Structures are given as C-alpha cells and as structure tokens.
Amino acid sequence: MRWWDIAPVLDLEHELFPADAWSKGMFWSELAETRHPRATRYYVVAELDGRLVGYAGLMAVAGEGDVQTIAVARDQWGSGLGARLLSDLLRQATAFECADVLLEVRVDNTRAQRLYERFGFEPVGIRRGYYQPGNVDALVMRLTDPSASPPHGPIDGPAEGPVQGPVQGTTHG
C-alpha cells in the first residue's frame, strides 16, 4: 500500500465497515511506519483490472505481530483473496521474526473467524465493546509460530477464483 492507495482503500473501508471505518489519518499514520529501516508495519493492497479489491495490514513489535486489518470487496468474497492476503501478512510476520500473531475480529463475523481458524488461529479472549460506536465485542485470536501456518500460495502468483491479477504489495526498508 502506498499513499496513492489511501483514497480507494477508504472507499472500500467505508463500504465494508461503515460504523467503525478507519480515518484517512489512521491510514497515513500506519503507512508512515512502513518505509524506514526499523519499520514496524506492513500493508498490502490487491487490485483487479485496475480496481482496488482488498487490503491488509500487520504491525510487528518486540516479536509479536498483530493483524491490523483485512478487507476484501464483497464481489470477491469466496475467491480466496482473503486467504492470500492473510498468507502474505503471515510471511511478513515471519520476516519480522514474530513468535506469534494476534488479531481482533467482531464476534458476529463468523466468515472471518472461519478463515482465521483455517490458518491455525485460536480464540484467547473477548474484548467487550471493542468496536465502537456499535459497542460490539471482539474475539481475540492468536496464532503461535506463523511460519508453520498452512501455505496458501504466493501473494503475487496466480489468483484463485475470479481474481485474475497479481496482488500489489510493498516491501519495507
């Protein structure tokens, strides 16, 4: 993800998460931590025919990763794109030398929970009222040893399902 991706990312963010969408400032702040020698963030976008159809982000500090966000356009649900984005984040967590990776997911988002479980994430707790303003609880999940997570193919390799192009990403440093 680069600065020019923020506008289309925000469009998708507001479409998918209207009540608790991230602000432009939040994305700018995250991107500021991706492009220097001691980077602690990694963000990637997925494009199809020039249209942004997904994005994902990871924070890594002191050997622990945290999935900050994953979003896939509704017309791409079931295409395998979410798994490809998560695979890319876990490869980056391994590069960041993370011993484990945490994430929060809405308790009512069973689709995402099933994806995370396929990768080996396990529930470890609940954060009451985490998602505001709706006061929705978050299920906290953890994956120990992201390097051992099931592989799902390279992020820039052939797409599964209807996604027909590479997933565009950035590297750190």
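How many aromatic pairs does the structure hold? The structure holds 5 aromatic pairs, where rings of Phe, Tyr and Trp (its six-membered ring) pair if their centres lie within 6.5 Å, with planes under 30 degrees apart counted as stacked, over 60 as edge-to-face and the rest as tilted. One of them joins Phe27 and Tyr55 in an edge-to-face arrangement, 5.9 Å centre to centre with 85° between the planes. Because Phe27 lies in helix H2 and Tyr55 in strand S2, this pair ties together parts that are 28 residues apart in sequence. Both residues are buried, that is, under 20% relative accessible area, whereas exposed means over 50% and partly exposed in between (1.4 Å probe, protein chains only). Trp22, Phe27 and Tyr55 form one aromatic cluster.

The model is predicted: local features need pLDDT of at least 70, side-chain atom pairs count only at pLDDT 80 or more, and totals for chains, interfaces and linings use all residues. Residues are numbered from 1 along each chain as its sequence is written, and side-chain values use heavy atoms, with hydrogens and water left out.

Helix H1 spans residues 6-16, and its buried residues are Ile6, Val9, Leu10, Leu12, Glu13 and Leu16. They cover an arc of only 165° around the axis, which puts them on the same side of H1; the arc is that of the directions from the helix axis to the C-beta atoms. Helices (H or I, at least four residues) and strands (E, at least two) are DSSP runs, numbered from the N terminus. The buried residues of H1 pack against helix H2 (24-31) and strands S1 (41-48), S2 (51-61) and S3 (64-72).

Between S2 and S3 lies a loop that contains Gly63. This glycine is partly exposed, with a relative accessible area of 28%. Gly63 and Cys98 are 35 residues apart in sequence, yet 4.1 Å apart in space, C-alpha to C-alpha. Leaving aside neighbours within four places in sequence, Gly63 is in contact (heavy atoms within 4.5 Å) with Glu97, Cys98, Ala99 and Asp100.

Attention now turns to the lining of the largest pocket. It is lined by 36 residues, of which Phe17, Ile70, Asn109, Ala112 and Tyr116 lie nearest its centre. A pocket is an open set of points on a 1 Å grid over the protein atoms alone, where a 1.4 Å probe fits, with protein on both sides within 12 Å along at least five of seven lines; lining residues have an atom within 4 Å of a point. S3 supplies the largest share of the lining, 7 residues.
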